[in-house]
Amino acid sequence: MTITLTENAAKQIQHQLAKRGKGLGLRVGVKKVGCSGFAYTFDYADEMRAGDQMFELNNAKVVVDADSLPVIDGSRLDFVKEGLKQTFKFENPKVDATCGCGESFSLKEVEKS
């Protein structure tokens, strides 16, 4: 299982942690919400919790809980500027569709063998 970071995402994580003055890395996850089913969550990781997994690239760390990892496994995390909005953005191959507002998403059906 893996998550990759772009250079922009790594720089933003480093910048935010330096500004904050503490933290292991960026904690990412998913929660059930919205009209499509899931939404990404972002927070600071100050400690490792039971079941957490850490990914490191370009001197930045991302921490993911065990429940969220299967949903975002194989994703690429970027930091993008869209007009005046700056945000972390996942490129997740498991996403089937997003809602109209872009805040929530649904997953592709898993083929059963």
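**View 1. Arg27 in strand β2.** Arg27 belongs to strand β2, which spans residues 25-33; strands (E, at least two residues) and helices (H or I, at least four) are DSSP runs numbered from the N terminus. The model is predicted: local features need pLDDT of at least 70 and side-chain atom pairs pLDDT 80 or more, whereas totals for chains, interfaces and linings use all residues. Residues are numbered from 1 along each chain as its sequence is written, and side-chain values use heavy atoms, without hydrogens and water. Arg27 counts as buried because its relative accessibility is 8% (buried: under 20% relative accessible area, 1.4 Å probe, protein chains only). Its side chain reaches the backbone oxygen of Glu47 at 2.9 Å and makes a polar contact of 3.0 Å with the side chain of Asp52 (polar contact: N or O atoms within 3.5 Å, one able to donate a hydrogen and the other to accept it; residues adjacent in sequence count only if both atoms are side-chain atoms).

**View 2. Ser75 in the loop between α2 and β6.** This loop lies between α2 (69-72) and β6 (76-82). Ser75 is buried, at 1% relative accessibility. A polar atom of the Ser75 side chain lies 2.8 Å from the backbone oxygen of Ile72. Beyond four places in sequence, the contacts of Ser75 include Thr2, Phe90 and Pro93 (contact: heavy atoms within 4.5 Å).

**View 3. Phe79 in strand β6.** Phe79 is buried, with a relative accessible area of 10%. Among the residues that Phe79 touches, excluding those up to four places away in sequence, are Thr6, Gln12 and Phe88. The C-alpha atoms of Phe79 and Lys11 are separated by 8.8 Å, with the two residues 68 apart along the chain.

Terms used. Buried < 20%, exposed > 50% of the residue type's maximum accessible area, 1.4 Å probe, protein only.
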